[in-house]
Amino acid sequence: MPKKCIASRHKIVFSLICACVKSLLVIGIKEVNACIAQWIGKREKQEDSYSVKSYPDGVLAIVCDGMGGHHYGALAARTAVRAFVEHFESTEGKLSITSRLRQALDAANTAVGKEFAKCDSYGGSTLVAAYIASGLLWWVSVGDSPLMLWRHRKLLRLNQDHSLRAIYMEYVKAGAFTYQEAMQQGHRLRSAVTGEPFSMVDAPLTPQPLLPGDRIIIASDGVDSLLLPAVLPEAVESMLDDRSERPLATRIVEACIQLGEATADNTTVITMDWPN
């Protein structure tokens with residue numbers, strides 16, 4: 001579990017179940033509150049990797065989910081996070097945010113390819129990265145790790161799903177599949193960070209404006225059963241709307257644990273709150 005995900009001036013608290021971080025970054029007169037929580041699930045090893053970094057003008061958050069069933073998934077995720085952050089930082093002041101995110105994704109993909117070429121093996125990872133500055137949200141993503149927005153008691157997925165589930169949902173509309181069947185059977189990815197050329201990338205040219213009270217959730221697919229059901233339970237809605245001091249990311253991971261799923265996946269959650 002990485003322990004240098006945020007600049008040293010931030011308070012970092014670790015527990016046996018989760019890594020929880022509360023970070024305050026002043027942007028003008030605004031503050032972005034960020035929290036991280038992570039759980040290994042029912043897997044033998046943790047293949048998720050993450051980072052949250054603060055800069056004078058904004059906050060960068062990234063989650064990579066090493067692809068299960070592939071050799072060295074954890075290595076792919078760690079390599080992707082490290083290369084992405086390094087390249088993003090190297091282009092500060094030189095490019096637009098959209099271009100910086102897109103080029104950082106390419107750098108992460110190249111780094112993963114080189115890493116596995118050295119060991120003559122193959123692995124891969126999803127990647128979702130978001131940058132918040134001046135009341136705007138930019139992102140880039142590959143794979144199925146979700147980027148979600150909680151606004152006015154509605155949970156919206158912002159980024160594209162590059163798994164087969166997006167295709168299976170058309171069968172749901174036609175009545176051939178249930179929503180649950182599509183979610184369970186569609187985990188195979190159509191695009192991922194593997195060192196090979198991307199078949200799909202989600203990198204909008206226009207950022208998403210943020211409204212007072214917006215909550216951003218970046219996660220690996222360990223949260224799918226909790227946050228992406230056909231209908232969001234009222235208890236989950238209440239949890240997402242709760243503005244108490246207890247970190248939201250921690251509560252989301254604890255709720256995933258309470259589901260008691262025998263095959264629970266690695267779970268990583270980063271939440272970022274835009275103030276009222």
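Visitor: Where is the place of Gln 180?
Guide: Gln 180 sits in helix 4 (residues 179–185); helices (H or I, at least four residues) and strands (E, at least two) are DSSP runs, numbered from the N terminus. This is a predicted model, in which local features need pLDDT of at least 70, side-chain atom pairs count only at pLDDT 80 or more, and totals for chains, interfaces and linings use all residues. Residues are numbered from 1 along each chain as its sequence is written, and side-chain values use heavy atoms, leaving out hydrogens and water.

Visitor: Is Gln 180 buried or exposed?
Guide: Gln 180 counts as exposed because its relative accessibility is 53%. Buried means under 20% relative accessible area, exposed over 50%, partly exposed in between (1.4 Å probe, protein chains only).

Visitor: Switching to the sheet, what is the strand order?
Guide: The open sheet of five strands has the order 4-5-6-7-10, with antiparallel pairing; two strands pair if DSSP finds at least two bridges between them. The edges are strand 4 (48–55) and strand 10 (208–209), each pairing on one side only.

Visitor: And how many bridges join strand 5 to strand 6?
Guide: Five bridges join them, and the two strands run antiparallel. Val 63 stands opposite Val 128 in strand 6.

Visitor: Which residues is Leu 105 in contact with, leaving aside neighbours within four places in sequence?
Guide: Leu 105 is in contact with Phe 84, Leu 127, Val 140, Val 142, Val 193, Phe 198 and Val 201. Contact means heavy atoms within 4.5 Å.
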